[in-house]
Amino acid sequence: MINQVTLVGRLTKNPELKHTADGRPLIQTTIAVSRPYRNAHGETDTDFIYCTIWNRIAENTAKYCEKGSLIAVLGTIQTRNYKDNSGKTVYVTEVLVHTVRFLGKKQPDVKEPAEMIETVPLI
């Protein structure tokens, strides 16, 4: 059986590093991933994928990323459930992240003109 996930998307909020009771670092965050096609209205839909990142990878993600950072994650799908304060069972499906690649920072809101690059033809 194969349980493997690869996503490329943008962080929806600044990563917040937390620690478990036994001191293990973790980040629970959401990644916005655009679908590769347009809907009936010509718009691109986006999926918001819940991800959990542990240990050194979580520390590095908190250190080097911010809201809007473009990242690639590799991991596995995991399901779990718990009882909330009112006793209702809450079901969670998430990506348990094993690898994070930092692909780029958030794009600035102000668009600056691209620099002109002069090219020389190859002979």
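View 1. Zero disulfides are found in a search of the whole structure, a disulfide being a pair of cysteine sulfur atoms within 2.5 Å. The model is predicted, and local features need pLDDT of at least 70, side-chain atom pairs count only at pLDDT 80 or more, while totals for chains, interfaces and linings use all residues. Residues are numbered from 1 along each chain as its sequence is written, and side-chain values use heavy atoms, with hydrogens and water left out.

**View 2. Val97 and the largest nonpolar core.** This core, a set of buried Ala, Val, Leu, Ile, Met, Phe, Trp, Tyr and Cys residues joined through side-chain atoms within 4.5 Å, has 15 residues, of which Ile31, Ile71, Val73 and Val97 touch the most other members. At least two core residues come from each of β1 (5-11), β3 (25-38), β4 (44-54), β5 and β6 (89-104), where strands are DSSP runs of E with at least two residues, numbered from the N terminus. Beyond its neighbours within four places in sequence, Val97 is in contact (heavy atoms within 4.5 Å) with Cys51, Thr52, Ile53, Val73, Leu74 and Gly75.

**View 3. Thr76 in strand β5.** Thr76 lies in β5, which covers residues 70-83. Not counting residues up to four places away in sequence, Thr76 touches Asn3, Val5, Glu94, Val95, Leu96 and His98.

Notes: Helix = DSSP H or I, 4+ residues; strand = E, 2+ residues; numbered from the N terminus. Buried < 20%, exposed > 50% of the residue type's maximum accessible area, 1.4 Å probe, protein only.
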